[in-house]
Amino acid sequence: MALIKFISILLIAQRGFSFNIKLQPSNPLAIVGSDLVLNCSANCLGAQFTWGSLEDKPLYAKIQNSDSQSLAILSPVKTEHENTIVCKVKCGSKSKQQSTKVNVYSFPSSPSISGNGHLLENQSTTLTCQVPDVYPAEKMEIQWLFGENVISTDYGIHSPATHTVTLIHTFKPTAGDDGKQVTCRAHLEVEGLPEDQATKETVATLQLQRAPKIIRVLSTPDSTVREGQNLTLLCEAQSDLPANLRWRKLGPGGQGPLSDSGTLSIEQAQGIHSGEYECQASNAVGTDTRTITITVQVPPKNTSITVDPSGELKEGDRVTITCSTHSTSAARLFLRKVTQNEQQLLESSDGSFTLSSARLEDTGLYECEAVNEFGSEKASVNVSVEAHPLEVQLSPPEGDLIVERGSSLVLTCQAQGCPSPDFTWKHVIDKPMDGQIEIKDHQSNLFLDTKAIEDEVTYSCKVQCGSAWKTRSIHIKIYSLPSNPVIEGNRPFQEGEEVTLTCTVHDAFPANILQLQWLEGKEVLSSEDRYYGTDTEIFTSKYTFVVRPEHNGKQIFCKAYLNLEGIPNHQKTKSALISLVVQVPPKNTSIMVDPSGELKEGDRVTITCSTHSTSAARLFLRKETQNEQQLLDLESSDGSFTLSSARLEDTGLYECEAVNEFGSEKASVKISVNAPPRNTTVSVYPSTQVLEGQNITILCKTISNPPPAIVLRKVENGTVLYSPSGTFELYNLTTNDTGLYEVNVSNDLGYETEIFIIRVEKYSAPQTPPLYNALIAAGGSIIMLTTIGLALHHLRQARMRGSYKLANANPPTV
């Protein structure tokens, strides 16, 4: 209780002074991984401390409070601690706050350089400088220096995952760059960071690598040795890097390595060891080579004799026989032809002998001998010369050749299997040649003018090739049918007339195979093999017939046919065609109505007249009435007439007449236009007012198609009478027949009604009624007439329907 009073006294005492707070350190700069303690103190006992952040992220700090101070411990410092931290203090009823900006950086190690070793001269190289664990990475500036010269400066590329900043430099090193120093200098631009901590650098040395260089190759005891001696090849090279030495022998097809070291030993050298050897020195950078030529002295080796061309030789071929050998010293070559009795030495300076045109007698054994100071070697070959396998082809092939007179004809004789054939053309019968001959390479052409060939003829081609020869022959047959026949005598014919048609064929050859036919379609009308004409190559055939109507439009052919196998179909047959025209009056005249079927008033109707006529025909369209034939104007010249809106009065018989110079023909059609009743009138005879016992005739007239049904009905009791003619007879009338009557006229399209009154009065002697009786009668009549008028009005309104307004008929007064 005493403690509470003491604290109260202190609080009351503090109300009269102002308290202060202090936050240290102010705006600290902390390195990542270190410890940072923020101290917030106040000159107030029992102060209440609260820590917070101005930025929207956690504080990441450990708080320790006491009476007059509070500590915010950041251990270890991380990049997340970069923040503006606020300390709030409450002393009694008073509050104060203070803030500090915590800056964080990381630059723990110097840059690292890679790519400076194993450089290749004049090849693109990339140097890489990396600075790890940098924060803030975007403020890291990196410089590349060659010696003291800055060659590039940039902020580099940083990886958010590893906080590593990288800067690369690409260049082509030269020989002078070997051993030079390159520097990567990194500078972190953070305010308040001492210069010795803000900048770090790394220096590296450029190292160029070179290909090896061969300095010596040699052969012991010498590069030229005798067959059977031993020899050794040595190779020495300089190289910055470990190098591999190997020997290989060079040749046209190449050869694999003979030794994987700088020494190659050859024991008992043979001729095959002669040649060029190569030493190859290689390292990771490149390769150097050096060659040496080794000669092994041996007698002639690999002596050979070749024949060009190889294979089978033919008469006339140019043949070269060549002798060759392998010798380390100069060798002499001798070429001989060996027979049973002797050896014939052939003249040759370079070991070759040529037969410019081989003959059968050149067949034999040929021998080559190579001689040098160390010995000799022989080789031989058999040479066989054969006759040419001559083949001769004639185009067109041998046999019969069918040729059209006047066409171009080329006979081609072709030789195969002979390099230089000789050609000879001639008639089988010994006649002078009448064509032009052309020889080119392995064929000969004979150009013939078929107009000059009068009959069948045979030509032969003889081909000579050395000692071989062959002959080919061809037999030529000429034909001519150059044009279609000509038919004469065609014209428009009259029915019953006897007509003769003439078919003429020109330049037909030969006559003994010509046939002429007259045809209608595929039906043969006439066929002849005797012809008339003054010229030996002009032929005529006649066909006579009597004209009938069914001949009109028929097609008549005249076909000329050469009966010879081998003529192309399109040239073997020629034909001419005519169409017969028979002059007759118009036929098949017709008249049509569109639309067909029932027509109604208002329909659009087209009446069309058509006919078939071999000559131009005129068409007349008429409408017949009871009194006259009315000529209708045609809307066009094609025989049609259109009623744009048909009317009842258009009903009637329509006639079409087709007329040409040879006669005429008619056709007719009946047109009926349907309409509902209209213009209905009702007449009552002798009058609508009669006396008892009298008779009445009711006559109804109307306009309608089809004819209407006419019904008379008494309105009061519904009595109905029917009349097909519209006439009703009422006999011996009584006063009970007085009343309202209705006439109904109807067909399928509509109806009309007429209403009238019939009065039947009782018969009595005439007398003068008293005045009051007259007044009463007059008043009654007025009332009755008014009632009847109203009734008539309502009935008319109820009965009126359809598309026509009916006219009222006023019945006559009796």
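Author: In this predicted model, Lys 574 is buried and yet takes part in no salt bridge, since the nearest side chain of opposite charge, that of Glu 404, is 5.5 Å away. A salt bridge would require a side-chain nitrogen of Lys or Arg within 4 Å of a carboxyl oxygen of Asp or Glu. Lys 574 belongs to strand S51, which covers residues 573–579.

Salt bridges do occur elsewhere, and a search of the whole structure finds 25 of them. One of these pairs Lys 477 with Asp 400, with the closest N and O atoms 3.8 Å apart. Because Lys 477 lies in strand S43 (residues 468–479) and Asp 400 in strand S37 (residues 399–404), this pair ties together parts that are 77 residues apart in sequence. Lys 477 is partly exposed, at 21% relative accessibility, whereas Asp 400 is exposed, with a relative accessible area of 52%.

Another salt bridge joins Glu 520 and Lys 554, whose closest N and O atoms are 3.5 Å apart. This pair links distant parts of the chain, with Glu 520 in strand S47 and Lys 554 in the loop between strand S49 (538–546) and strand S50 (555–562), 34 residues apart. Both partners count as partly exposed, Glu 520 at 24% relative accessibility and Lys 554 at 32%.

A buried charge that does have a salt bridge is found at Glu 742, which has a relative accessible area of 4% and whose side chain meets that of Arg 713 at 3.5 Å, N to O. Since Glu 742 lies in strand S67 (residues 739–747) and Arg 713 in strand S64 (residues 709–714), the pair ties together parts that are 29 residues apart in sequence. Salt bridges that share partners also join Glu 601, Arg 647, Glu 649, Asp 650 and Arg 678 into one network.

Ser 274, in the loop between S24 and S25, is buried at 16% relative accessibility, and its side chain reaches the backbone nitrogen of Val 296 at 2.7 Å. Apart from residues within four places in sequence, Ser 274 is in contact with Lys 249, Ile 294, Thr 295, Val 296 and Thr 328. The loop between strand S24 (263–266) and strand S25 (275–282) also holds Gln 268, which has a positive phi of about 50° although it is not a glycine, and which is exposed, with a relative accessible area of 54%.

Pro 28, in the loop between strand S1 (21–24) and strand S2 (29–31), is buried at 8% relative accessibility. Its C-alpha atom is separated by 5.3 Å from that of Val 102, although the two residues are 74 apart along the chain. Beyond residues up to four places away in sequence, Pro 28 touches Leu 36, Leu 38, Thr 100, Lys 101, Val 102 and Asn 103. Two other prolines follow cis peptide bonds: the bond from Thr 220 to Pro 221 has omega near 5°, and the bond from Phe 509 to Pro 510 has omega near -10°. Pro 510 lies in the loop between strand S46 (498–506) and strand S47 (514–520).

Finally, an open sheet of four strands takes the order S54-S61-S63-S66, with mixed pairing, and its edge strands, S54 (599–600) and S66, each pair on one side only. S54 pairs with strand S61 (residues 673–685) in the parallel sense over two bridges, while four bridges join strand S63 (residues 696–705) to S66 in antiparallel fashion. Within S66, Phe 728 and Leu 730 form a covered face, and Thr 727 and Glu 729 an uncovered one.

Terms used
Residues numbered from 1 in each chain as written. Predicted model: local features only at pLDDT ≥ 70, side-chain atom pairs only at ≥ 80, totals over all residues. Heavy atoms only, no water. Buried < 20%, exposed > 50% of the residue type's maximum accessible area, 1.4 Å probe, protein only. Pairing = 2+ DSSP bridges. Lys, Arg positive; Asp, Glu negative; His and termini not counted. Contact = heavy atoms within 4.5 Å. Polar contact = N/O pair within 3.5 Å; in protein donor to acceptor, adjacent residues only side chain to side chain.
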